[in-house]
Amino acid sequence: MAGPEEQQQQQQRVDEERAENIEDAELAFQGINMLLNNGFKESDELFRRYRTQSPLMSFGASFVSFLNAMMTFEEEKMQMACDDLRTTEKLCESDNTGVIETIRNKIKKSMDSQRSEMAVVDRLQRQIIVADCQVYLAVLSFVKQELSAYIKGGWILRKAWKMYNKCYSDISQLQESCRRRSSSQQGELASDQANHNTAVAEGSGGVTEEALGRLKGSVSFGYGLFHLCISMVPPHLLKIVNLLGFPGDRHQGLASLAYASESKDMKAPLATLALLWYHTVVQPFFALDGSDSRAGLMEAKAILQKKAVIYPNSSLFIFFRGRVQRLECQINSALASFHDALEFASDQREIQHVCLYEIGWCSMIEMNFEDAYKAFERLKNESRWSQCYYAYLTGVCQGASGDLEGAKAIFKDVHKLFKRKNNQIEQFAFKRAERLRKMSATQELCILGVVEVLYLWKALPNCSSSKLQLMSQVLQGLGDPSCQGLKHLLLGAIQKCLGNIKDAIQSYQMAARDDLGRQTNSYVQPYSYYELGCVLLAKPETLSKGRSLLLQAKENYAGYDFENRLHVRIHSALASLKDVVPQ
């Protein structure tokens, strides 16, 4: 039997033989498709096997790590992703490229000009990967939602932005040069083909239009994601962002991602996922196109239909199908999709957790509180991301189902699990749990807590009319003076979803006048002014008043819960107003 060293040498020879027979770009593309077709373990093994031998394969391994971090938000996985991304950066900045790149260079040696241009292509590929790593590191900073993290992320993006611009320009110049050379050689090519001289077919200066098109798709992915990342920055930090030297054009970002998704680069499927993520998660949550949470759904549905043949059982694509169904208020269909995705992701804990999260939310939307608290309880026990937040959701759903003793026990757990003092979600969960614990929570107060998170997370528009009316009945029966402002804000949002605009305005006005509950529900007044302003923007005769209320919400309040979230929505509403009525 061969010893461990001999086996290791044999495996290395096998890897080198494979590297000779397959391009790293093709191998990386296969790895990404493997990932999207539920081969998470196999994809991770493939990328990690070759990660030291090729920048592209190293990037693939780092992306898998980044994806796991973004699906769970667990500190451990986020740190691992940061470490992997920095390792990829170092590899791209080194001279020693490893087995695959060395073999590629040997195969492609022909003319000095060819070697020169291939070196340019290799350099561009590395720079794009480094810029991509910078963007991912910035995203990992932004999700912390802390001021220092935003500033750090901004400086990281500045470096990426400069690299993208330079690479995009260089690739465009190479493409133009390649086209001119191809045009001038057409006559020679026809003559050579007549003489059966096939060598000229590759005589385009050592780099093909196909290779340049792949690079263009590669840089377009990062460039597009970059712009979407900027759109996530709170508006009051945009001046700092502009000082750093880059703008943020959401429409350009979407166009670039669409281009990348149709390219032959390994990141084409990732660009498709990024578009689905934007249309079904980011856009409705931040109300980036006004208050219509269904904006972008047509694009998402078209993408899903087109990719169904390639990824028929992909848990990720089924997950996004569920997101579309949820936003279209087809909650039973959405639940079926999330349960299917959960089953297909049986060996991928991270995707299981995002599916469980959606199952919990869909159950809350349906007021099926028992199923909701079971999903959140499992997340509380299994996930290493905000256990405090999951515990609070478990508690309010358990209390809303009528199990008040169980809810009280969970609210005590929230206090123990409150670890990230600077995290606004955990701060909110802790304060709410403490208040419910001290007030001796009732079933109605727990339902109020459920409706509140549905409102704050933009999920009320996904509720059916019958469920909205049931929520309204429960809220109207609440007489506690300390939560009257919150009650009226939520009633206004419910009435707006039901199309009762006059009742909605009246409720928002009552919420805005509530000073008594300001200490316990600090966000109610600014959010009320925002909601009232958005309603008034809909009519030309009240447009000016609506704009004034939005500015009032933006400028007159500070230090309340979810302030950054509201600022993004106000900024989006004012920006859409400028598109209609130039200021």
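This tour moves through the structure selection by selection, from the whole chain to single side chains.

**Before starting**

The model is predicted: local features need pLDDT of at least 70 and side-chain atom pairs count only at pLDDT 80 or more, whereas totals for chains, interfaces and linings use all residues. Residues are numbered from 1 along each chain as its sequence is written, and side-chain values use heavy atoms, with hydrogens and water left out.

**Whole chain**

Display the protein chain as a cartoon: there are 28 helices and zero strands. Helices (H or I, at least four residues) and strands (E, at least two) are DSSP runs, numbered from the N terminus. Of the 583 residues, 56% count as buried. Buried means under 20% relative accessible area, exposed over 50%, and partly exposed in between (1.4 Å probe, protein chains only). Among contacts (heavy atoms within 4.5 Å) with a separation of 6 or more, 69% are between residues 24 or more positions apart.

**Helix α5 and L85**

Select residues 75-93, which form helix α5. Its 19 residues should span 27 Å at 1.5 Å a residue, and its end C-alpha atoms are 27 Å apart, which agrees; the expected span is 1.5 Å times one less than the number of residues. The buried residues of α5 include K77, M78, D84 and L85.

Now centre on L85, which has a relative accessible area of 0% and is therefore buried. Leaving aside neighbours within four places in sequence, L85 is in contact with S62, C133, Y136, L137 and L140. Of these, S62 is 23 residues from L85 in sequence, with 5.4 Å between their C-alpha atoms.

**T394 in helix α19**

Move to residues 387-400, helix α19, where T394 is found. T394 is buried, at a relative accessible area of 0%. A polar atom of its side chain lies 3.4 Å from the backbone oxygen of F376. Beyond four places in sequence, T394 is in contact with Y373, F376, E377 and I410.

**Salt bridges**

Show the charged side chains next; the structure holds 23 salt bridges. Each is a side-chain nitrogen of Lys or Arg within 4 Å of a carboxyl oxygen of Asp or Glu.

- Select D170 and K166, whose closest N and O atoms are 2.8 Å apart. They are four residues apart in helix α8 (residues 147-184), so about one helical turn separates them. D170 is buried, at 13% relative accessible area, while K166 is partly exposed at 46%.
- Select R179 and E176, where the closest N and O atoms of the salt bridge are 3.4 Å apart. R179 and E176 are three residues apart in α8, and about one helical turn separates them.
- Select R214 and D265, whose side chains meet in a salt bridge at 3.3 Å, N to O. This pair links distant parts of the chain, with R214 in helix α10 (residues 209-231) and D265 in the loop between α12 (250-261) and α13 (268-286), 51 residues apart. Both R214 and D265 are buried.
- Select D44, R48, R51 and D84, which salt bridges with shared partners join into one network.

**Cysteines**

Finally, show the cysteine sulfur atoms. The structure holds zero disulfides, a disulfide being a pair of cysteine sulfur atoms within 2.5 Å. The sulfur of C329 is 7.8 Å from the closest cysteine sulfur, in C463, too far for a bond. C329 is partly exposed, at 29% relative accessibility. For C397, the closest cysteine sulfur is in C446, at 9.2 Å, also too far for a bond; C397 is buried, at 0%.

Methods
A polar contact is a pair of N or O atoms within 3.5 Å; within protein, one must be able to donate a hydrogen and the other to accept it, and residues adjacent in sequence count only if both atoms are side-chain atoms.
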